[in-house]
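Reader: I am new to this structure and would like to understand the words used to describe it. Could you show it to me and take my questions one by one?

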Amino acid sequence: MTIVPPHEAACFETTKRLLASLINEGLVSGVIEEPKEESPRRLHLRKNDCRSTEDDSVVVHTTPGALIEDRDGEVLPTLEPSMLCSPIILTCTAMQKRVIDPGEIFSFISPWFEGLASPSILEEIARHLQNSGSNQVTQEDIPAMLTPGVTFLSLPRSQLHFAGPFDDALQPLLQTLGIPRVSENRAVVPCLTQQLPSVMQRFPGASILRSVIDCADAQASLRTITLRPELKFPFHLKLSLACQITSALRTITPWSAQGGPIVTKIMDQFLPPDLWTFREIAAVTGNQTEFDDAKHLSCILREDQEERTRANNEVLIIAAALNQQPQGTSQPYAEILFNLQTIAQKQEWFQKYVECLLNLLLPPLVNHGIGLEAHGQNILARVCRKTGKIKGFAVRDFGGIRLHTPTLRRQGVCFDAMFPGWAVMTEDMNDVWGKIHHSLLQNHVGFLLNSLGLQRNGGWRIIPIQQETSVLCVKSTV
Ligand SMILES: Nc1ncnc2c1ncn2[C@@H]1O[C@H](COP(=O)(O)OP(=O)(O)OP(=O)(O)O)[C@@H](O)[C@H]1O
Ligand SMILES: [Mg+2]
């Protein structure tokens, strides 16, 4: 067996995601060779509308037996990163070159996107991709990421912008931890200890009151933390973290901090009762007019749902975790927890899961123009402790949702209190559908389908029927 050096393995993790996304998002065309038994096939990525074999292309191999869907050789947008394997070869008239670095691949294909994005944006994307391949977390980084330190700062109120009852809601935690009191013209704001260098250079009036270790655990998003149960604090803290993790710099803009409590009220009004909300009740952010500075010190207080879940005899399971496998095994948690042994059992469970999910997520979309960012990290399944049945879901995180303002305005929603220019507010319904397509269908449902091995067992065929049914049901009631 070939041992792949860690750096190469890390690069390929990014590279295969890049290549799959380019095809799934329709940014390039993918042409696949005819299948030959179980052997790997070659997939050619080319500039859209260039089908000639003379053209520049990126050639990647597919894993033996990967179920690649195509129409006349043109790959359909259901490609999974796990279907791809090395080697990857850049081909043009002048050369053939074996590559692994996602940045190098993107630089090679950048000319294909002329007119779609400026050269400087394309260069920046290439740099990000290269960076993503080169800077992977190592084993030693993990403990500090899972239990991050929290620092409590004192700042002049004039440097801060508040939304909702931030001071009052935070007060019990400050008391329990014995954080010193501050004068009336100052406020106490928690931040991740790791974030201090970013904060201190942008908030000259900040002083450290206390840093606390071992008081909180990071959630899957890393920047949102759950305080330890003995602290009895009923809110999660979402805190700025100036690290690029997956697609974004994980700071929190004033738009999101200020908008959270307002969006929460919209959700209270329009989401179905079985779709619970991790309500954002208050927040603080920087008061600078330059949001790029202000976003480095934000904190959102988000209601914990554990109490409510226990009272309902339910447990909450983060949807993304259902696709994961215990280390060293190949069976996903969905199969282990729900005792799914046969294909038929998996299909039935998956069908019910998706039906419940779509019946809760699509009515807000169709009736109110609300597109939640329903990927597996933002959605938690509510499971009955007694029967193991999915009773509904809970949703968190409003920073990346889409709200169709014309529809919601017609239904009495006022957006005046939000900072203008927030990407969440859109007049284009395609933005809202796009958000649902990517986060709910491709990410949440698609990942679950694959992890259960249903892709080759009728999986996607189950979904469109369900989806259409629920959309139609909803439309017919409007
Ligand atoms: N299945 C998944 N899909 C998308 N992101 C995931 C998934 N599993 C884990 N993640 C992680 O979760 C984060 C998703 O980003 P997102 O912007 O939704 O969350 P966040 O805003 O950082 O935090 P929160 O959800 O607490 O508000 C990223 O850090 C990503 O690495
Ligand atoms: Mg999230």
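**Domains, a ligand and packed helices**

Author: Welcome! In this predicted model, the shell around ligand 1 takes at least three residues from domain 2 (145-303) and at least three from domain 3 (312-477).

Reader: Which residues are the closest to ligand 1?

Author: The closest are Ser 221, Thr 224, Gly 376, Gln 377 and Asp 397. They belong to a set of 21 residues that surround ligand 1. By class, that shell holds 4 nonpolar, 11 polar and 6 charged residues.

Reader: What are the domains into which the chain is divided?

Author: The division gives domain 1 (6-134), domain 2 (145-303) and domain 3 (312-477). The C-alpha centres of domain 2 and domain 3 are 27 Å apart.

Reader: How do you know that domain 2 and domain 3 are in contact?

Author: Two residues count as in contact if their C-beta atoms, placed from the backbone, lie within 7 Å. By that test, 21 residues of domain 2 are in contact with 24 residues of domain 3. On the side of domain 2 that touches domain 3, α7 (254-270) and β17 (275-277) each supply at least two residues.

Reader: Why are α2 and α3 called roughly antiparallel?

Author: The axes of helix α2 (residues 102-109) and helix α3 (residues 119-134) cross at roughly 160 degrees. Angles over 145 count as roughly antiparallel, and therefore α2 and α3 are given that name. Their axes come within 7 Å, and the crossing is right-handed.

Reader: Which residues of α2 and α3 meet?

Author: From α2 come Pro 102, Gly 103, Phe 106 and Ser 107. They meet residues of α3 including Ile 125, Ala 126, Arg 127 and Leu 129. Taken together, the residues of this contact of α2 with α3 are 5 nonpolar, 5 polar and 1 charged.

Reader: What makes α1 oblique to α3?

Author: Helix α1 (residues 6-24) packs against α3 at an angle of about 140 degrees, with the axes 7 Å apart. Angles over 145 count as roughly antiparallel and 65 to 115 as roughly perpendicular, with oblique as the name for the rest once those under 35 are called roughly parallel. The angle of about 140 degrees therefore makes α1 oblique to α3. Ala 10, Cys 11, Thr 14, Thr 15 and Leu 18 of α1 make the contact with Leu 129, Ser 132 and Gly 133 of α3. That contact of α1 with α3 has 4 nonpolar, 4 polar and no charged residues.

Definitions and conventions
Residues numbered from 1 in each chain as written. Chains lettered and ligands numbered in written order. Predicted model: local features only at pLDDT ≥ 70, side-chain atom pairs only at ≥ 80, totals over all residues. Near = placed C-beta within 6 Å. Nonpolar A, V, L, I, M, F, W, Y, C, P; charged D, E, K, R; others polar. Domains from an automatic or database assignment. Axes fitted to C-alpha atoms, helices over the stretch in contact; angles between N-to-C directions. Helix = DSSP H or I, 4+ residues; strand = E, 2+ residues; numbered from the N terminus. Left-handed = near helix turned anticlockwise from the far one by under 90°.
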